[in-house]
Every structure is written in structure tokens, then in C-alpha cells.
Amino acid sequence: MEMRHGNLSINSDNIFPIIKKWMYSDKDIFVRELISNGCDAITKRKKLDAVGEVRLPEEYKPKITVSVNDKEKTLKFTDNGIGMTADEVIKDITDIAFSGATEFLEKYKDKADSDQIIGHFGLGFYSAFMVADLVEIDTLSFRDGAEAVHWECDGGTEYDMKAGTRTEPGTTVTLHLSEDSLEFANEYKVRETLEKYCAFMPVEIFLVNETKEPETEIIDEKDLKDTDVVIEHIHEDAKYEEKKNDKGETEKVETSPEKNQVKIRKRPVSISDIHPLWTKQPSQCTDEEYKEFYRHVFLDYKEPLFWIHLNMDYPFRLKGILYFPRINSEYESIEGKIKLYNNQVFIADNIKEVIPEYLLLLKGVIDCPDLPLNVSRSALQNDGFAQKISDYISKKVADKLSGMYKTKRADYEKYWNDISPFIKFGTLKDAKFSERMMDYILYEDLDGKYHTLKDIIAEAPDTESTKESTDTKEEDTDQKTSDQEAAAGEKKEEKADTGASDQEKSQGDADEKSDGKKPEKKVTIYYVTNEVQQSQYINMFRSQHKQAYKLIHTIDAPFISHVEQLNENVHFQRIDADLTDDLKESDASLKDESEALQELFRKVLDKKNLTVRVENLKDSNVSAIVTISEEMRRYSDMMRMYGMADRNVNVDELEGQQTLVLNAKHPLVKYVFEHKASEDVSIFCEQLYDLAVISNRALTPEEMTKFVSRSNDIMVKLAKNAKPAGKAQIKKTDTSKKEVKSADTVRKKTGSADTSVKETASSDADK
């Protein structure tokens, strides 16, 4: 063919700077684009063979070869696809790429947002100029009589085209790398990029280093293939040794058999897995294959909990696998990654338009050939279509989880603590998902058993009918009984007078219910967020045979508010939010004691807003506890979550709303009340307060420093009153005697200057 010199069909010299700056967000994306073009060319050739327009050679094996040459600073992409004629090169490379180029430049020359560039210009090939100063194309069409073509362009608006030297159908694109892109002349960098974008391309991809001596391997001659490049035949005779047999006779024994081997050029290994697991039917895949795929793709060697295999053909094509990973901590799940593919071509990680936000915490792959992508394949053109895909994925996940709950409840419970953050986050983000999953959300109680919300409501008492204290109930029992009997008598007479039928009575009951005269059951669900920190409250709670549930994740705070919005008769309350009537005994005589100790504690602690109450707690071992209203604590947590206040501000706010409850039955509280003028009373007050706070929340650094220092001071004072080492003989005595001695030592230490704790205890006994 004759030499041709022409201009690209544009009216500006600025097209390549626009491509380089705005078209693609990642520099290495050119590898994906050129490999994709090669895959397309191979696919076209195979389709033409299928329809009978062309006959493929019997030995034809579709492949793409990427060749690296760090000496010549080149990178080549070679395919054995359909190839191009000279006219097709002009049409596909120069004209189509720049159709409407004037409008393109006018619209985008001042734009910096790559997402505004829509894929109508076929610019994938020109991503090569992001890293190359000169690009060459050598191609030969599959058509009979076609001539080879050589095309080159240095990134300006001119190109040269002449007869080429290629002898086999297909195309080679050679990139002469620019100085700032020489990293792509490195074999390992190119391999890394290929594995990133092309690990599951539908065509085998091979990487060749042209400047490195080919590697070799030795195989048995019987395993030799026609495609192997033979370097040397290796023959080894059998080896023998003379040994005596059982009869004492000498004979030759073969120690090494005859070998016929061949030294060949090492067989290339494809970077691409052309049949990834998600392209198969779920019934064709084993558990071990799912686990191996997970390890290979995500380099995570902790086995996933379980997985969901997506396979859909209508109304859109979608395949994929979503894995629920095993997490070691609450925050590890945030590192989830879902890879999005289009016809096995990697597009991006975690595209929110396609994948529901809450599922981005998972790991997996999704391949959707129908995705409407822009020219850079990094964003979507049709949000409505993407939303349909997102809804489908959400539904499939909900179906899988609900199905597991119904048919494999034991497994579901086993996985629950790992998967609960995913599910709860999903209910907050997706109303439809919330509706599908709310009945299958589990709550673990303090005994390690799991319940649904319906179970808890059914088993819980009606808090509206249990608000009154136990004493008040006992006082009113006789009056209520007489009232009920009188009401029953009146009702009996009324029935006799009216002669109401069963149907009328039923209707009346229905009307009464519809009028709101019989309100729905109101339930308070108690929960804990830290079993260790809140252990004192838990012990008090369990001593009354009451049950609470573990809500230990950060997501649980907004989640319980969501549940309350959906169920207006359900209220969640942390067990340290308030003292229920079951945990205390009413005693009106403690009012004066409460006022006196409130004044004392406010003065010692310098907390003017602190509320102090003295109560007869049923657990006499508890000296003091702190309670904060559920509403105030949630408000404080929300402020901290959204960064609207620092830690110390939240603590100050809580102190204005908290109540210090002192147990009137505890000896230390009695001592503080009866010895308010003691020189050590401030130590008692401060220590009682800090011990109560520790069970409610973590101390601030300043509080912890004071607490540790004060605890050391207390132990020093105890040590001064301890018996000398010589007199303190350790004997094998009864345990109860040891405890008595220890208690006497403490009492002697903590006695004031004028009155001992022992005397106080005696006066208490006299009372």
C-alpha cells in the first residue's frame, strides 16, 4: 500500500492534554483499555467464525501477549483477533474517535470533572497517550487478500500510515513510553497492573519480558506438547547396584530407572482466569472452591462465614458472589470491598450506585454486562437502571438471610455476632431491607440465648401496668379487689338486663379495642453495652430474675432508635439508666439523709448540679451507683458520634443530669452520713463517687490519675496500721477467721480521731 500522511479529524491541538487530565482518574488505566480492545477484537473474530463468515485455523487459540522491554522503553499489546484494514484504521482510530470533536472541545476544555465526559467518542485507545510519546499500530485484517498496515502518531494532530510487516491476523500496539512513565517498562509493575484490572478477562493474557533470558523447565518426554519449544533432549540410562539377596547371592538391583526427559522453554502461565467462579452455576461450585476464590481475590486467609451466589438473566444480566467475612473487631468490617466487573473486565471497587451502601462492608464480586458506563468506565450514565440492580442485590441478600433463619437457625445464631453490624446498618439505610429483615434480627440475652423482637415483646411484662411500686400495690390490693368485684357485679346485672348476644358482646369488645380503651402492650427492653464495666448493675439486675440483652456494637445506638420508631410501644433502656422498683425498697425516712449527703458530696466533689439519693438497695454489697437518663445518655452519644462535642464536654453535660445513688444499707455510706465532720470524709466521698462512675462509664484521664493516686494513699494508710511482718504469722486457719481479721484491720484504719468504725457498727447493731 502507498504511504499516507494525514491529520486527525479535529480542529484543535488540545485533545490529548484533555484526555490525559480529565478522561481517566488513574494513570495505569490504559492497560485495561488496550487489553479490552484486544478482547473485543478476538470476540469479533470468534463470532464471525460462528456465523460462517470466516474459518478459524484448527490450532487457533485466542490470546493476548503483553511484552515489556526496559532497554527500548517500550510496552507492546498483541492480540490474534480480527485485525484491521487500512480503511478500518482510518475509520476506527482517526475518525470515529473524534466525531463531533469541535463540540467536544468546546464543552469540555474548561471542565475539570471527568464524570461529565460521556462515552460517545471511542477514546479508549487514546488512553495510551497518557504514558507514551509515540504509539504504533501494526495490524493485519482477517479478510482474504488484506494487506498489513503500520500506523503511528506522536500525540499531536498528525499521523503516518504505510504498509506493515505483520503476517498473522491481529493487532500489535506498541507504546514508546515517556520519561515520566518508565515504571511501565518494569515487568513487576506491569504484572501488578494486569492482575488488578485483567485477572478475569475472558481471554488468556501472557506477560513476556523481552530483555530477560527465557526461563526453562524439564519435563518427561511423554508429557511433551506440540506447542512446547524444545531446547534439549536429556537421556539417562538406568542405574544398578550389586546387592545380596535373602539367599546370600549377589544380584544387580535397579536403583534409578531409565529417564527420557526434555528441557523446554518454560510454559507461559496466563494471568487471566477465563472461567471465574461467578460465571458458573452455584450447583457446579464446591465449598472449597468458594473459599479458595475468596482467598485468592481478597488475600484474606480467614474463612468467610458464608456467601451468596448471584445469578440472574432477566430483566438484566448479573452474576456475582458476595461473602460475609469473619471479623475480629467491630471496625474491621469497614474494610470490605466489592469489585464490579463488566463482561469480566474490572471497572472499580465499591460503586455506590450499583451496590447498596450497607453491603459495601462485605467482600465480593459482581459482574453486570448491561451496565451503562461512560467512556472511562468509572461512572454510570443511568442512575435509574443502577438503582434496579441495587434493589435486586438487596433483595437477594435479605432472601438468603431470612432463608437461613428459617431452615438453619443454629448456623444463623452462630454467625449472628459477626453479621449483625451488616444487617443493622442495612435496616438504617434501606427501608425495604429493614422491612424484610426486622423479624429476623436477633437479640442475645445475658445467658447467651437469642430472641427476636416478637419473642421479647411476648415474654415481657406490660410496663404500663407495673409502674407503681411494690408497696403501693400491696396497699391497694384490697381496694382493687373490692372494686373489681363490684364492677363484675354491675357487669353481670347489665348483661342480664340487656340480654346481649355473643355476637354483640364480640362486637362490643372490638369497638372497645378500636376506641383505644385497651392500649397495646408497652414494653421496656433492658440492655447492656459492656458486660465488664456494667457488671455491678448486671448482678443487681439478675438477682431479681430480670433479663437484659447485649447491644455492644457502635451501630446499636442508632439501631435501637430505629426500632423504637417502628414500634411505638417498645422502649429500650440501658440497665444503668435508672433503678427499677424491683431493685430498691421504698423508704420515705431517707429523705433527710439524701439532702444531707447531697450537700456534702456537692461540696467535696465540687459538682453543684449533682443529684444524690439515698436508697435501700436490695443488694447490700453495693455501696453506690450512678444513673443517667436514657435520653440524656443517647444525646451525649450522638454528640460524640457526630463530633459535635469533645469527650470532656460530654462528661460535664452528663454530670449535670446524673444521679448518685447511695445504698443506705452499706457500712461505708452509714459511716459517711454519721461522720460528716471527719477529716477523712472527703476521701470516702471521692472514692465512692469514682467507684460508682467506673461502673457507668470510663474515667477521663484526669479522673483516672486522681483515682489511682487516691487509691495508693488509701493503701499506704492501711499499711501503716498493719501488723509488723514478724508478728503476722501465716497459718492454716479457717477462711472465715482470716476474713474477720482483715475486716478488723480495715475498721481500725478507717476510724476517725474521736470514734471508731467498730463503735459505729455496735451502735448500728443496737439500733
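## Aromatic contacts

Y197, F200, W278, F293, Y341 and F346 come together as one aromatic cluster. Rings of Phe, Tyr and Trp (for Trp, the six-membered ring) pair here if their centres lie within 6.5 Å; planes under 30 degrees apart are called stacked, over 60 edge-to-face, and the rest tilted. Searching the whole structure on that basis turns up 31 aromatic pairs. One of them joins F306 and Y415, a tilted pair with 5.3 Å centre to centre and 35 degrees between the planes. F306 sits in strand 14 (residues 306-312) and Y415 in helix 8, so this pair ties together parts that are 109 residues apart in sequence. Helices (H or I, at least four residues) and strands (E, at least two) are DSSP runs, by the way, numbered from the N terminus.

The scale is simple: buried is under 20% relative accessible area, exposed is over 50%, and partly exposed is in between (1.4 Å probe, protein chains only). Then there's F316 with Y392, an edge-to-face pair: 6.0 Å centre to centre, 85 degrees between the planes. F316 belongs to the loop between strand 14 and strand 15 (318-324), while Y392 is part of helix 7 (residues 383-407), so the pair links parts 76 residues apart in sequence. F316 is buried, with a relative accessible area of 4%, and Y392 counts as buried too, at 14%.

## What you're looking at

This is a predicted model: local features need pLDDT of at least 70, side-chain atom pairs count only at pLDDT 80 or more, and totals for chains, interfaces and linings use all residues. Residues are numbered from 1 along each chain as its sequence is written, and side-chain values use heavy atoms, with hydrogens and water left out.

## The largest cavity

How many cavities of 30 Å³ or more does a search of the whole structure find? There are 2, and the largest has a volume of about 100 Å³. A cavity is a set of points on a 1 Å grid, over the protein atoms alone, where a 1.4 Å probe fits but cannot get out; lining residues have an atom within 4 Å of a point. Grid points are joined across faces, edges and corners, and the volume is the space filled by probe spheres set on the points.

The lining of the largest cavity includes W416, N417, S420, K424, Y443 and H553. Helix 8 (409-429) and strand 19 (443-445) each supply at least two lining residues, with helix 8 giving the largest share, 4 residues. By type, the lining divides into 5 nonpolar, 3 polar and 4 charged. Ala, Val, Leu, Ile, Met, Phe, Trp, Tyr, Cys and Pro count as nonpolar, Asp, Glu, Lys and Arg as charged, and the others, Gly among them, as polar.

Two strands pair if DSSP finds at least two bridges between them. Strand 9 and strand 13 (residues 259-265) run antiparallel and are joined by 5 bridges, and T216 stands opposite R265 in strand 13.

## A glycine in a loop

G155 lies in the loop between strand 5 (149-153) and strand 6 (158-163). G155 is partly exposed, at 23% relative accessible area. The C-alpha atoms of G155 and Y126 are separated by 9.0 Å, and the two residues are 29 apart along the chain.

Definitions and conventions
On a 1 Å grid over the protein atoms alone, a cavity is a set of points where a 1.4 Å probe fits but cannot get out, and a pocket is an open set with protein on both sides within 12 Å along at least five of seven lines; lining residues have an atom within 4 Å of a point.
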